[in-house]
Amino acid sequence: MSTRVIDLTGDDLGMAPHSYAFYELRELRHGEDATLRLAEEPAILMKSLEIQLRRGIHWEVTEAGPPVWTVSVKRRDDVAAADLIDLLTRDHLRIDKLFANALHLTNANKIEEALPYFREYAEALRRHVSLEDEILAPRLDLPRSPAGDDPTSIMVREHEQILEQTVMMEELIDEGLGDAGMLAPFFAMLSGQLAKHEYREEENLFPHWKRLIHNMEGEEDELFRIARERIGEVR
Ligand SMILES: [Fe+2]
Ligand SMILES: [Fe+2]
């Protein structure tokens, strides 16, 4: 395995260390790893790079300074999911990618090529939603409000809407009405819905789940195991 060394300790980088690291890490290939050398504590820099790189990297501090810190970085898809929330977040990305492929091919009027991606998206979505609705929500039981504006109720409601839209598209396709012109507006609508839903879950629900799991003896490993059985390893 090759290692890319990114040394941020010098002052001759030609740009801000943050930008330099970003451009280098963006080029990281499968199977390659990078070693970052820094003159300061790396957590803030790494977290912001993680966001900029759309959570595509996995990093750990391998040497804690001062004077020099080193961080080992790999592509996230080269490393197995670390825990339940990591697995769910990766599964969001997988579902997004399948959907985006179907959407782009439909927009390019290549409906025959788009359909396998759409079918795979629908399958992955159902597995993901059933895990969240049937297993995780009951076992990671958060307070619900009668108005239905708590994170769990919002999740369940949005799942229903997303599944409904997906079924509608499947029916159009099965009835032979699914030409590109017909499907494109559905794709556009669902694409926005999916993105918002996943964002809300990751921001408003997963932090609560994470906190709950940590306080439940043995539950974390058990739920992680069940989740991997349901949706598979997600790279
Ligand atoms: Fe969800
Ligand atoms: Fe989810």
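Visitor: Where is Asn109 found?
Guide: Asn109 is found in the loop between α3 (84-107) and α4 (111-139); helices here are DSSP runs of H or I with at least four residues, strands are runs of E with at least two, and both are numbered from the N terminus. This is a predicted model, in which local features need pLDDT of at least 70 and side-chain atom pairs count only at pLDDT 80 or more, while totals for chains, interfaces and linings use all residues. Residues are numbered from 1 along each chain as its sequence is written, chains are lettered from A and ligands numbered from 1 in the order in which they are written, and side-chain values use heavy atoms, with hydrogens and water left out.

Visitor: And is Asn109 buried or exposed?
Guide: Asn109 is exposed, because its relative accessible area is 60%; buried means under 20%, exposed over 50%, and partly exposed in between, with a 1.4 Å probe and protein chains only.

Visitor: What is the phi of Asn109?
Guide: The phi of Asn109 is near 65°, which is a positive value in a residue other than glycine. Most residues other than glycine have a negative phi, and most peptide bonds are trans. Arg54 also has a positive phi, of about 50°, although Arg54 is not a glycine. Arg54 lies in the loop between α2 and β3, and with 60% relative accessibility Arg54 counts as exposed.

Visitor: Which residues does a cis peptide bond join, starting with Gly65?
Guide: A cis bond joins Gly65 and Pro66, with omega of about 0°, and a cis bond also joins Pro66 and Pro67, where omega is about 10°. Pro66 is found in the loop between β3 and β4, and Pro67 has its place in the loop between β3 and β4 as well.

Visitor: How many residues are between β3 and β4 in the hairpin?
Guide: There are 5 residues between β3 and β4 in that hairpin. The two strands run antiparallel and are joined by 6 bridges, with β4 covering residues 69-75; strands count as paired if DSSP finds at least two bridges between them. Val61 stands opposite Val71 in β4, and the bridge partner of Glu60 in β4 is Ser72.

Visitor: What order do the strands of the open sheet come in?
Guide: The 4 strands of the open sheet are ordered β1-β2-β4-β3, and their pairing is mixed. β1 (3-7) and β3 (57-63) stand at the edges with a single partner strand each, so one side of each is left without a neighbour in the sheet. Neighbouring strands are turned by 25° against each other on average, direction ignored; the axes behind such angles are lines fitted to C-alpha atoms, for helices over the stretch in contact, and angles run from 0 to 180 degrees between N-to-C directions.

Visitor: Which helix packs on the sheet?
Guide: Helix α1 (residues 17-26) packs on the sheet and touches β1, β2 (33-38), β3 and β4, with a direction at about 170° to that of β1; contact means heavy atoms within 4.5 Å. Helix α2 (residues 43-52) lies across β2, β3 and β4 and runs at about 165° to β3.

Visitor: New topic: what are the protein donors of the iron ion (ligand 1)?
Guide: They are Glu132 (OE), His159 (NE2), His197 (NE2) and Glu201 (OE), at 1.9 to 2.3 Å from the iron ion (ligand 1). Donors are N, O and S atoms within 2.8 Å of the metal (3.2 Å for Na, K and Ca), and sites may look incomplete because water is not among the atoms.

Visitor: How far apart are the iron ion (ligand 1) and the iron ion (ligand 2)?
Guide: The two iron ions are 3.0 Å apart, and Glu132 coordinates both. His159 lies in helix α5 (residues 151-174) and Glu201 in helix α6 (residues 180-214), so this pair ties together parts that are 42 residues apart in sequence. His159 counts as buried at 1% relative accessibility, and Glu201 counts as buried at 3%.

Visitor: Where are the domains in the domain assignment?
Guide: The assignment gives domain 1 (3-78) and domain 2 (84-231), with bounds that come from an automatic or database domain assignment. Their centres, taken over C-alpha atoms, are separated by 31 Å.

Visitor: Which residues is Thr89 in contact with?
Guide: Leaving aside neighbours within four places in sequence, Thr89 is in contact with Arg55, Glu202 and Phe206. Thr89 is found in helix α3 and counts as buried at 8% relative accessibility.
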